[in-house]
Amino acid sequence: MGARYPHMFLILLLIHGANAALNGPVQKWQTLGGQPPLVIARGGFSGLFPDSSQFSYQFAMSSSVHDVVLYCDLQLSSDGLGFCKSGLTLENSTLIAEVFPTRDKTYKVNGEDIHGWFSLDFTSEELYQNVTLIQNIFSRPSTFDGAMGMFTLEDLVGLRPPQLWVNVEYDLFFQEHKLSTEDYILALPKDYNITYISSPEIEFLKSLGGKLNKRNTKLIFRFLGEDVAEPTTKKTYGEILKDLKSIKAFASGIVVPKEFIWPLNKDLYLQLHTSLVKDAHALGLQVYASGFANDVSMSYNYSYNPSMEYLQFIDNADFSVDGLITDFPPTASGAVACLAHTKVNPLPPPGNGARPLIITHNGASGIFPGSTDLAYQQAVKDGADIIDCAVRMSKDGVAFCLGSADLSSSTTAATSFMTKISTVNEIQNKSGIFSFDLTWSEIQTLKPDLQGPYTQAGLKRNPAAKNTGKFVTLPEFLDLAKASNVSGILIEIEHAASLAKRGLGLVDAVSGALANASYDKQDSKQQVLIQSDDTSVLAAFKKFPAFRRVLIIDEAISDASKPSVEEIKQFASEVTVMRGSIAQVNGFFLTRFTDVVDRLHDANLTVHVGVLRNEFMNLGFDYWADPIIEIATYTSSVMADSLVTEFPATAAAYFKSPCSDLSLNLSYTILPAHPGALVNLAAPGALPPALPPAPVLEPADVLDPPLPPVAVSSPPEAPNTKAADMTSSAVNSHAGGCLLLVGAIAALLSISFH
């Protein structure tokens, strides 16, 4: 079976060949032996391909550090052949139930009745020739389901992995059915070179240890849940954990769930680390942490950046684990080989081909409520080059920063101002509570509300900070920026024409505030970027030659015609394009890069790309649920001049790493995604029909009518305190339910590349 796809490994080697180059600088590690922690690929690259499949193992080898360890969960067929497959039953990760629908059984396993399809009820030929693998986690691609058969340990050895790890989870169960994993292992040819054998069963390790050549193979004791009973001693794993010294007698190391090292509280925030790693190292035991994956719930401390979680275990001041067992070995490889020991590195200066600018989107709005003082302070701390303010207007003419004119999307307005709900089609095609319908004093009674785009899908952002921070006026934002070390500010202006009809002069308010803060002076130390989707707004700022004008194209395009590019140049020297304009997508796979960025660059236009977010649901499969891969792609392949992000710390961490410079020829580096590489591995018909490409930008899409004059408005009405205090439980219950329903639908529909 190892020869079914002989071309595939060559393709992967070509894609990731740069990972076999020169060694980088030697780092000092706090592992037991002082060596870099191992990257252990559980079932191969099982975060992308079906677990323990040929593609999964081959891709793990080609995309990871050179000494990656391939991890095989050993199962036996009825005739004693060893297969690699996680989990005791087969129906959730194979199509066995379709092939053999009547051969399910119920067995007692460690005292519990388990129902399903078991490998020991099938011959090796039945499994090998008839059973194909599927992905069993819904957030991962099902494109490769049914394309590959079960993989034997012999097949895996045939790939010549650098190191091999065999985990024996259920030796007692197989023994009860007259099958011996011990005999199977001892009968393996000597050239199989198994580096590690692990098991949660003590007697199996003790028995095997007396017969195995330990010089070549390390025995590792694997801990399960603290309350689970170890089947041979009947002690709980929690009890055994308190007696690490006893483990040293039969094993050289331990595998523990990552929570044994860095426990989480009930709210999913990190607690203080335990002493487990130090205690084990003091006894000469290596420690391997398990349970890592980019697309599962993790501590909010990591801000959905999986690299931060790996670094927590290998690059802290007190210890490093000896290995990371993961479904996403490239991300672990990047953490070990690229990102570790780089926190103190200076952030290289941007521009001149060095790196893109880091521009925020409502500040560090992935960490704190957007456009608040805390979001901006965090952005400065996290290394943003340019912080942004999307300017809104209150009813009484106060200019302030907020991500949307609709207050219900990012504040608690829905709990206090239900009577202010209206529909303004020129702003958005749904009802809302708009800033221009409330006075500034009314807006100040609201609290910010941290809402991520995938909250309704379960990916909340930093709940502890949900309603923290305060709204800032435009002058306060400018003062904050001037007091920081950022190199510039971006002021976004939306809906200026609509506001002018309401008697609110947004352009004048922004111009006045910038002039009052002396940003209009040619010698200003900080750059000023004026961004708008309205060319008339940009034209109004031509009188400020020091300002850089940015046209935002907020719809996906597949190309830009030459006349449209020439039209853009009449108003702006820079363009912001959406992520959906960068690559064509089919079934969440990248198929090709568009020519949009090249077309704009050819016209000497600076290109900003956004909005980048860390959540894995925001990322195409080619980015491997890793936001740093997307950053590397826009930097090295797309050649974006700036990245617009809600998580500036993620971009800064990448640019501090030597791996952000592909010219260094390191032993491992973080490579950009290659559109089409994964699609080409899919079987014909596995993907849905491709959607038609996005439209081409034409001059009519660029040019806007002149701004209307600001209408003369009557004095603002006094606040309706009765309406503001309206907190009837019936009203709130109805509103809350509607908002949750709309939010849930929107979250599911927003899983896109825009």
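Which residues does Phe-204 touch, not counting residues up to four places away in sequence? They are Val-168, Asp-171, Thr-181, Glu-182, Ile-185, Ile-197 and Ser-199, where contact means heavy atoms within 4.5 Å.

The model is predicted: local features need pLDDT of at least 70 and side-chain atom pairs count only at pLDDT 80 or more, while totals for chains, interfaces and linings use all residues. Residues are numbered from 1 along each chain as its sequence is written, and side-chain values use heavy atoms, with hydrogens and water left out.

Phe-204 belongs to helix 8, residues 202-209. Helices (H or I, at least four residues) and strands (E, at least two) are DSSP runs numbered from the N terminus. With a relative accessible area of 3%, Phe-204 is buried; buried means under 20%, exposed over 50%, and partly exposed in between, using a 1.4 Å probe and protein chains only.

Aromatic pairs come next. The structure holds 38 of them; rings of Phe, Tyr and Trp (its six-membered ring) pair if their centres lie within 6.5 Å, and planes under 30 degrees apart count as stacked, over 60 as edge-to-face and the rest as tilted. Trp-165 and Tyr-288 form an edge-to-face pair, 5.1 Å centre to centre with 85 degrees between the planes. Trp-165 is in strand 7 (residues 163-167) and Tyr-288 in strand 11 (residues 286-292), so this pair ties together parts 123 residues apart in sequence. Trp-165 is buried, at 0% relative accessible area, and Tyr-288 also counts as buried at 0%.

Ring pairs also link residues into a cluster, among them Phe-45, Phe-144, Phe-328 and Trp-624.
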